[in-house]
Amino acid sequence: MTEGSAAGDSAAGSSTAKSYGADGIEVTFDGALCRHAARCVGGLPEVFDTSRRPWITPGAAPPERVAEVVRRCPTGALTYLLTGGAPEQPQRPTAVVRTPDGRLLLRGDLLLPAPDGGERRATRAMLCGCGRSAGQPYCDRSGACGQE
C-alpha cells in the first residue's frame, strides 16, 4: 500500500488515514482518532518521530517490535498489517477500562461509528465518558474526562 491508503482495522475510507510501508509491515495512522497519548513516540522513537517527515518510518525497527508498540495506542489511531500475516487480532474477551479521568478504553472486536459517519471495525478505541466531547462517541479531551 502507499501513503494515504488504509490497512488493517483502521478507519478505512477515512480521508485522514495514511499508510507507511516497509519490508514486513504496513502501519496506518488516522489523525482523526489520535489523542496524543504518545505511546508510539515514547515506545519506539526511531520509528515514530513527530519532528521528521514522514513522521512514521516503520523500517527503522523489526516489524514485530513496531507491531508491539502500535498495539499500545489506546485510541486505535495506529494500526498495522504484517506482510503475509493476519491483521491485529482483537483482545478476547473484550475489555472496557474507565481511566481515572473518565475516558473509556476499549480493546476487543469492536464495531464503532467512523468519524465520516459510517462504521469501522477496530481492536482499540478511546471513548468519551463525560458526554462533553464534540466528537461523540470518541473522547476529544475537551470535557471533564479530557482534563489530566
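**Exercise 1. How many aromatic pairs does the count come to, by the ring rule, in this predicted model?**

The count comes to two aromatic pairs; the rule pairs rings of Phe, Tyr and Trp (its six-membered ring) if their centres lie within 6.5 Å, with planes under 30 degrees apart counting as stacked, over 60 as edge-to-face and the rest as tilted.

Step 1. F29 and W55 have centres 5.0 Å apart and planes at 85 degrees, an edge-to-face pair. This pair links distant parts of the chain, 26 residues apart: F29 is in strand β2 (residues 25-30), and W55 is in the loop between α1 (39-43) and α2 (63-70). Helices (H or I, at least four residues) and strands (E, at least two) are DSSP runs, numbered from the N terminus.

Step 2. For F48 and W55, the centres are 6.0 Å apart and the planes stand at 55 degrees, so this pair is tilted.

Step 3. Put together, ring pairs link F29, F48 and W55 into a cluster.

**Exercise 2. Is F48 buried or exposed?**

Buried means under 20% relative accessible area, exposed over 50%, partly exposed in between (1.4 Å probe, protein chains only). F48 has 0%, so F48 is buried. W55, at 11%, is buried too, and F29 counts as buried at 16%.

**Exercise 3. Which elements do the buried residues of α2 pack against?**

Step 1. The buried residues in α2 include P63, V66, A67, V69 and V70.

Step 2. These residues pack against β2, α1, β3 (78-82) and β6 (119-127), where contact means heavy atoms within 4.5 Å.

**Notes.** Residues are numbered from 1 along each chain as its sequence is written. In this predicted model local features need pLDDT of at least 70, side-chain atom pairs count only at pLDDT 80 or more, totals for chains, interfaces and linings use all residues, and side-chain values use heavy atoms, leaving out hydrogens and water.
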